[in-house]
Amino acid sequence: MASQSRRFPAKGRDDSILAKLSQSAVVVRGREAASEATTVAKKLLRSTGKAAWIAGTTFLVLVVPLIIEMDREAQMNELEMQQASLLGTPPPSLAPPPAK
């Protein structure tokens, strides 16, 4: 019977080393610091997500159409060069300026 009372202390009275250690000031302060760090990390993650959303949509609205238009222009120039070479005329970029 005496061994059972050592294993299971009375309610409200916990003298084990683990209980004393978990109630120490260092551990309590560590838990508070971890909680604060978690809160800050969540806020940072949320604001980073918002910034990424803004940057992504801005890129889609402003930069992607520019890239598409530049590609079209390059294809048009290439087509003009091919047509000029088939017709035997110098490419528009190498043609002499018109006389006045």
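This is a predicted model: local features need pLDDT of at least 70, side-chain atom pairs count only at pLDDT 80 or more; totals for chains, interfaces and linings use all residues.

**Salt bridges**

I started with charged pairs: the side chains of Glu69 and Arg72 meet in a salt bridge, 3.8 Å from N to O. My cut-off here is a side-chain nitrogen of Lys or Arg within 4 Å of a carboxyl oxygen of Asp or Glu. Residues are numbered from 1 along each chain as its sequence is written, and side-chain values use heavy atoms, with hydrogens and water left out.

Why do Glu69 and Arg72 sit about one helical turn apart? Because they are 3 residues apart in helix H3. An α-helix has 3.6 residues a turn, so residues three or four places apart point the same way. Glu69 is partly exposed at 43% relative accessible area, while Arg72 is exposed at 52%. The classes I use are buried under 20% relative accessible area, exposed over 50%, and partly exposed in between (1.4 Å probe, protein chains only).

How many salt bridges does a search of the whole structure find? It finds 2. Glu32 and Arg29 also join their side chains in a salt bridge, at 3.3 Å from N to O. These two are again 3 residues apart in H3, so about one helical turn separates them. I get 39% relative accessibility for Glu32, which counts as partly exposed, and 45% for Arg29, also partly exposed.

**Helix H3**

I looked up the fold next: the protein has 3 helices and 0 strands, in the order α-α-α from the N terminus. Helices (H or I, at least four residues) and strands (E, at least two) are DSSP runs, numbered from the N terminus.

I checked the length of H3. Its 63 residues should span 93 Å at 1.5 Å a residue, and the end C-alpha atoms are 89 Å apart, which agrees. The expected span is 1.5 Å times one less than the number of residues.

Where does H3 bend? It bends by about 35° at Leu60, taken as the angle between axes fitted to the seven residues ending there and the seven starting there. Just after H3, Gly88 has a positive phi of about 85°.

**Nonpolar patch and annotation**

Leu60 turned up again in a nonpolar surface patch of about 580 Å², together with Phe59, Val61, Leu62, Val63 and Ile67. Patch members have over 30% relative accessible area and no salt bridge, with nonpolar side chains (Val, Leu, Ile, Met, Phe, Trp, Tyr) joined within 5 Å and like charges within 9 Å. Phe59 lies in H3, residues 25-87, and is partly exposed at 42%.

In the model, residues 51-68 are 100% helix and 0% strand, with end C-alpha atoms 25 Å apart.

Methods:
Accessible areas come from the Shrake-Rupley method with a 1.4 Å probe; for residues, only the protein chains shown count as cover.
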